[in-house]
Amino acid sequence: MLPMTPIILLAVALSGAMCVLAFALATQALPFMLCLCAFRLVLACGAGVVLAGITAIAVAIASFALFVYLREGLRNPTAQLVVAIVYAAPAAVAGYALMHGLIGLAVVSEPVKTFFCVASGTFVAVAAVLRLSAIK
């Protein structure tokens, strides 16, 4: 049993790292999705993978910068709320889907699954808004 211990510890560490990565991608869902769309578009236009990757990274940075600029530049609280909702809505959907994928095979009732999925979506959306508002 001793040789299995490092493998189990590695599996736990990798699972934790994947959860952190999934949470980071979920809170940045809108820039990440725009990045993927830009990558696929540039790749479909005949450019190489390197150019598509550079373009995708530039689009992700520009979209995040645009949302930070709009969040800080707008003085109307209603407009700021609209920008935060537009940024957080894809994050909420990603958080919901992430939890649905993780808890999908668990043997619990549907209301409990739905509660956990909605709670995860809410948590990720709030984290996305806090991350957007923390950048100044």
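A residue counts as buried under 20% relative accessible area, as exposed over 50%, and as partly exposed in between. This cut-off is used throughout the report on this predicted model. Glu110, for example, has 52% relative accessibility, so Glu110 is exposed.

**Overall build**

The chain contains 5 helices and 0 strands. Read from the N terminus, the order of elements is α-α-α-α-α. Along the principal axes, the C-alpha atoms occupy a box of roughly 60 × 40 × 25 Å. The radius of gyration of the chain is 18 Å, whereas a compact globule of 136 residues would have one near 14 Å. Of the 136 residues, 24% are buried. Among contacts with a separation of 6 or more, 63% are between residues 24 or more positions apart.

**The nonpolar core**

The largest nonpolar core is made up of 12 residues, including Leu30, Phe64, Phe67, Tyr87 and Val124. Two or more residues of this core come from each of helix H2 (29-44), H3, H4 and H5.

Phe64 and Tyr87 are both buried. Together with Phe67, they form one aromatic cluster.

Helix H3 (residues 49-73) also holds Ser63. Ser63 has 9% relative accessibility and is therefore buried. Leaving aside residues up to four places away in sequence, Ser63 touches Pro31 and Leu34.

**The salt bridge**

How many salt bridges does the structure hold? The count is 1. This salt bridge joins the side chains of Lys113 and Glu110, with 3.7 Å from N to O. The two residues are 3 residues apart in helix H5, which means that about one helical turn separates them.

Lys113 belongs to helix H5 (residues 110-134). Apart from residues up to four places away in sequence, Lys113 is in contact with Ile103, Gly104, Ala106 and Val108.

**Cysteines**

The structure has 0 disulfides. A disulfide requires two cysteine sulfur atoms within 2.5 Å. For Cys37, the closest cysteine sulfur is that of Cys35, 9.2 Å away, so the two are too far apart for a bond. Cys37 is partly exposed, whereas Cys117 is buried.

**Accessibility of the residues discussed**

The table gathers the relative accessibility of individual residues named above.

| Residue | Relative accessibility | Class |
|---|---|---|
| Ser63 | 9% | buried |
| Lys113 | 13% | buried |
| Cys37 | 48% | partly exposed |
| Cys117 | 1% | buried |

Two of these values can be set against the cut-off for exposed residues, which is over 50%.

Methods: Residues are numbered from 1 along each chain as its sequence is written. This is a predicted model: local features need pLDDT of at least 70, side-chain atom pairs count only at pLDDT 80 or more; totals for chains, interfaces and linings use all residues. Side-chain values use heavy atoms; hydrogens and water are left out. Helices (H or I, at least four residues) and strands (E, at least two) are DSSP runs, numbered from the N terminus. Buried means under 20% relative accessible area, exposed over 50%, partly exposed in between (1.4 Å probe, protein chains only). Contact means heavy atoms within 4.5 Å. Rings of Phe, Tyr and Trp (its six-membered ring) pair if their centres lie within 6.5 Å; planes under 30 degrees apart count as stacked, over 60 as edge-to-face and the rest as tilted. A salt bridge is a side-chain nitrogen of Lys or Arg within 4 Å of a carboxyl oxygen of Asp or Glu. A nonpolar core is a set of buried Ala, Val, Leu, Ile, Met, Phe, Trp, Tyr and Cys residues joined through side-chain atoms within 4.5 Å. The radius of gyration is taken over C-alpha atoms; the globule rule is 2.2 Å times the number of residues to the power 0.38.
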